[in-house]
Structure formats: C-alpha cells, structure tokens
Amino acid sequence: MSRHLHTSVDYHDKTIYLVMRRLRKPIILLIVVYAISILGLVLIPGQTDGGEPYHISFFEAFYIISYTSTTIGFGEIPYPFTQHQRLWVLLCLYASVITWLYAIGKILNLIQDDSFREAVAENGFKRAVRRLNRPFYIVCGFGDTGQLLVKFLDQRGIQAVVVDKNIATISSLELMPYGSYTPGLLADARRIKALEWAGLHNSLCSGVVAITDEDSVNLKIAITVKLVRPNLKVICRAESEDAQKNMASFHTDYILNPFERFAERFALAIHSPEGHMLYEWLTELGHCAMVRPHKPPRGRWILCGYGRFGKAIQRQLLKEGIEVTVVEADPIRTRCESFAIAGRGTEADTLQQAGVESAVGVIAGTDDDTNNLSIIMTAQELNRTLFMVARQNRHDNLPIFNKVNPELMMQRSEIIARDIFTHLINPPMDIFLRQFQQRSREQINLLLSRLSAVMELLSVEDRHEIEREPWSLIEESREGQKNVELYQLTENWSVLIDEHHAPAVVEHLEQGRTIALHQLLRDPHDREKRLPIVALMVQTRGGERIFVPEGEYEVAYRDKILFFSRLGFRYRQQWLLCDGYLLYHVLTGKYAPASALLRWYQRYREQRSGRGGS
C-alpha cells in the first residue's frame, strides 16, 4: 500500500512527503509533550519576591520549556520557582529529552533510507537540469559506450544528461574528469518519467541517445521519445536485425549496429585499404595519425565465434568472395552445425582441424575477452604469418589486448561512441564517408595528399609521392629516414551559408559579388596566405553533393560546406565568415569604409565607374 502511495506522489513534493510521513509520529509526540509541558507550567502558580501569587505567560513557559528540553538551562525566571513548579519542570525535562532522542533516531533512520536518498538525489538532478542554459543530449546508458560518448561530447563543449539504472555507473559519474558538470539520474530510462526528469520536454534538449546493453530497452526509449516529441532526434544502438527493423519502422533518426559497422569497415580494408585509411583519418577523435593502412590479405580466414558479430563478419567476407572456416563452441544454438567446426578455438587441436597452417588470418570474435586473447595467442604460436583480428568486449581490457597486438581490434564501445559523436556534431561527415569511400583509388589518394599537406605531415616534394603510395613515406619516416610529424590535432565541421552562420558572405552575395571557395580559405591575418583547411564536400540548396570541390567553385546561398583542418583554424574562418569588413579586405585587398555615408559613396562610385566603362 505504501509503495503505491509513494509512486503516485508528484515529483516536486516527494521529499517533503517522505519527511512528513516518516517523521509524523515524532513530530506529533513532540507537539503533545511541548503543549502539555507549557500548559502545566502556565497553570501551576508561582510566587513573586514579595510572596504574591504569580502565573507566568505562555511565551515565558515556551521559553523555559525550550531551554529545559535541550538541557541548556538558563535558570528560573522571572522569579524563583516553587516546589510544585520545580517538580513539573523536572518531569517535563525527562519527557522532552526522551521524546527528542526518539525523534533524532527517526531522523537518522530517514537520512539512511534508500527511498529518501533517492528522492533527494532526484530533486537535485531535476534542479540541475532546469539550470542548464545550453543545448544538451540525453544519454541513456552509462556503460563503456556511454562514458566514451559523454567524454567526447564534453571535449567539444557539448552538454550531456545521463540516465542509467546501475548505481555503480551513476556513482562513477562524479569521478569522471569532465570539464563541466554532467547531471546523472539513477533510473530506468524506459520510464517516461525518467526521460521527462532528464529534460525531454526542455526546449534545449537536442536529442536522445539510447545506448544501453539491451535492444529492448533502446527500442522502448525510441518509441517513447517519438510518441512524445516526434521531431526530436533519436539515436539508437541495436545489435540484432529485428531490433534494427523495428526501430526503423517508426523513423528513428540514426540506428547503429556495431557488429555490422565493423564488418563493413573490415570488408572495406580488404578491397580498399586507402578508403579505410581515409575513414580512420577523418573520424579520429582528437588527433590524426598517419599510419600504414591495414591490408587484410585475401585467402581463407578462420572465424572463431558465430554469434551476431561472427554472422556479420561472415556475410561481408562472402560478399568479397573470401572463404571462411567457422569455429563455434555451440553450433546447434547458433545454427551452424552443418558447416562449423565444434570448439572454442582456444585449443590448438581445434585450430589445426580448421586448417590454421594454410589460413591467412584468424578472427577471434567470441563474447568473452579471455577466450579471444587465448585464441590469438594460440593461433600466433601455430602460424606466425597470420593476420589477427580481435573482438574486445570490455573497454578496460584494452591494455591486455595491446600486449598481444592484433592487427585489427573491434572495440564495440569505441565504434558506437565515435560513430554517434560524428553523427551528432557533423552529420555531413557521415554522408561524405559513406559515399566517398567507394571512389577510385586515385581520387582517394589525391584527397589523402591534400589532407597531409594541410596537416603539414609531409614536405612539398613528398606530396606527389603520397598520391601514388600514401603510406610508403610513412614507413620511411618510422625508420628515421625522414623527419615527419606523425600526429596532428584535427577537427572537422560544416558551415551553412546563411544569415546566422555566415552573415558577411550572405551580405556580399546579396550585393551581387561572387565569392570563390578558395577565398573563404584565406588567412584573415594575411590575405596572401591560405588557411590549412580542406573543403571535403558542398551540399547545394537543391540537394546536389559535390565531393572535394575545386577552389574556383562559386559559393551560393544555403550551400552547406564540410571542412577539415588542423585544430584551431576553424575559428579564424568563422571570423572571416562573420566580419563583413574583414571579408571585404580579404576579397579585394582594400579596407571597407567604416561609416554608412562612406559606404554609400563607395557604392555610388562603383556604379558610376561601371556605367562609364560600359
């Protein structure tokens, strides 16, 4: 009965309700004891110094009982007490002290009560959400994936609000070294109340990210949000095909299957190492590392583990025309008994039965990190030439996997966090990567050359070489033959040419001036210099996409341009896009008049000179 009453109470009154309910008896008992004590002290007659009868007032009685019950004791006022008064005060003293001890015990029990502490935490959480003054995302699930995603968002200055039902993960939120306070709620994100408390109806809420470990929970969150706020962006993690289809049926904005995504990238690394290298460069969070692209060999592969990850890998390899030998501990449950070899793959006998001596690579894809490490170590002992691919299930096992050093690692949490982060901060990048990876090797190498030039990773004479073999010079640099900086801080962003994001550009376009793309890449401090920025894609107002546009492309109103550069140069370009005087100087080499009268006179002279020339 009490639980039903508890859950029906309005959130705002929950803490007060618990206090009044749990302390009801002590409060009533204190009131009764104080009332009887005060009334008795008022009714019992005293004597003045002259021996005349005297009754103290209610205020004086309350004052005396108050300091008596707290055992402070200020003496007998206003006159010395009679024996009857002293006897009554003595009884009141014991009664009030015992009552206070009982009340304090109840207060301590209430403070330690889980329901009360939860109510206080919920009140504090909702106050924190109400105080947010910038756009935020609700992140449902704070496991390995959630922690990485919130970390990436915090590094970009994007606010997150966390909801998770695991008390350990919510408690760890306070220990995270984030730059700003991140509110966290201990609750089941499937409950609409939990989402509402997290700010679902807040106008600053930019979207909801459902990345718990259970597809059913993510599905329920997506359905709830789409029903309550249909236009709010919803991003979901789904690890089964059925969940993906279900989420897509009600227009979930972005659905990510980490197993399918890694399988696609693995297949990409096989048929287009350059495309895979480009993906790694453009999605690296925080820094770009020029490394030799992974080139998984063609031939027969051994796949250990035929769960959701194994099935996704097998589908992609078969599409590439690659033979796959499956090793599975429970072939009946995974429905592969007709073609799989029974075993975990951790034993040498099983791998030898699968033909490890003649295989080109082994994929350790079980859902147990210990087994995956054992598979890799056993396979390396049997065949040192194998290309090793490992599935890492827990993020905290990364140091152990680094010791065995597989060529490729499937870190589920990092794949999800990186993809969602890229989609949140720069959706055009996701479009660009999906379409440009299918371009020819020459086009991809040309773009890699431009990126390396922008990041100043190679000298001028080497940039022609990198167009032919983008990783050859990197290998030389590792051997000390070339002094090349291999790591560079990078960032990518998109700019919409409109009044809000590029007012200076719009103003010039409205005046009939043409602006070439390369002019937006000039340094505001020195118009003769070019900023280290590469334009990756232009999406026109009509929806046409132009990949790696040339510098002579004429910028138009409502164009959306995707850029990539070294860290810090984005703000120089924003300065140029927003400052009309600065843009005028960069375009013409002249300084625009500061006053409106002088600007009118300048336009008048330009019009007259134009008519005179005609």
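These are my notebook entries on a predicted model of one protein chain.

**Entry 1: the whole chain**

I began with the overall counts. The protein chain has 614 residues, and 49% of them count as buried. I found 26 helices and 21 strands in its secondary structure. Next I looked at contacts between residues at least 6 apart in sequence. Of these, 65% join residues at least 24 apart.

**Entry 2: the sheet with β3 to β8**

I traced an open sheet of six strands. Its order is β5-β4-β3-β6-β7-β8, and the pairing is parallel. Which strands sit at the edges? I noted β5 (184–186) and β8 (254–256), each of which pairs on one side only. From one strand to the next, the twist averages 15°.

I then looked at one pair in this sheet. β6 and β7 run parallel and are joined by four bridges. Here G207 stands opposite K233 in β7. I also checked what covers these strands. Helix α10 lies across β3, β6 and β7. Its direction is at about 170° to β7.

**Entry 3: the nonpolar cores**

I looked up the largest nonpolar core, which has 32 residues. Which residues have the most contacts inside it? They are I138, V208, I221 and V225. Several elements supply at least two residues each, including α6 (114–130), β3 (136–140), β6 (205–210) and β7 (233–237). The largest share is five residues, and it comes from α10.

I traced another open sheet of six strands. The order is β12-β11-β10-β13-β14-β15, again with parallel pairing. Its edge strands are β12 (341–342) and β15 (408–411), and each pairs on one side only.

β13 covers residues 361–364 and β14 covers residues 387–392. The two run parallel, with four bridges between them. V362 has M388 in β14 as its bridge partner.

Two helices lie across strands of this sheet. Helix α12 (residues 258–271) lies across β10 (301–304), β13, β14 and β15. It runs at about 160° to β15. Helix α18 (residues 412–425) lies across β14 and β15, at about 75° to β15.

**Entry 4: α12 meets α13**

I compared α12 with helix α13 (residues 273–283). Their axes come within 5 Å and cross at roughly 130°. The two helices are therefore oblique to each other. By class, their contact has five nonpolar, three polar and one charged residues. Which residues meet here? From α12 I listed R265, L268, A269, I270 and H271. From α13 I listed P273, G275, H276 and Y279.

**Entry 5: S272**

My last stop was S272, in the loop between α12 and α13. Is S272 buried or exposed? Its relative accessible area is 9%. Buried means under 20%, so S272 is buried. Not counting residues up to four places away in sequence, S272 touches Q437 and I444.

How values were computed:
Residues are numbered from 1 along each chain as its sequence is written. This is a predicted model: local features need pLDDT of at least 70, side-chain atom pairs count only at pLDDT 80 or more; totals for chains, interfaces and linings use all residues. Side-chain values use heavy atoms; hydrogens and water are left out. Two strands pair if DSSP finds at least two bridges between them. Contact means heavy atoms within 4.5 Å. Axes are lines fitted to C-alpha atoms, for helices over the stretch in contact, and angles run from 0 to 180 degrees between N-to-C directions. Angles under 35 degrees count as roughly parallel, over 145 as roughly antiparallel, 65 to 115 as roughly perpendicular and the rest as oblique. Ala, Val, Leu, Ile, Met, Phe, Trp, Tyr, Cys and Pro count as nonpolar, Asp, Glu, Lys and Arg as charged, and the others, Gly among them, as polar. A nonpolar core is a set of buried Ala, Val, Leu, Ile, Met, Phe, Trp, Tyr and Cys residues joined through side-chain atoms within 4.5 Å. Buried means under 20% relative accessible area, exposed over 50%, partly exposed in between (1.4 Å probe, protein chains only).
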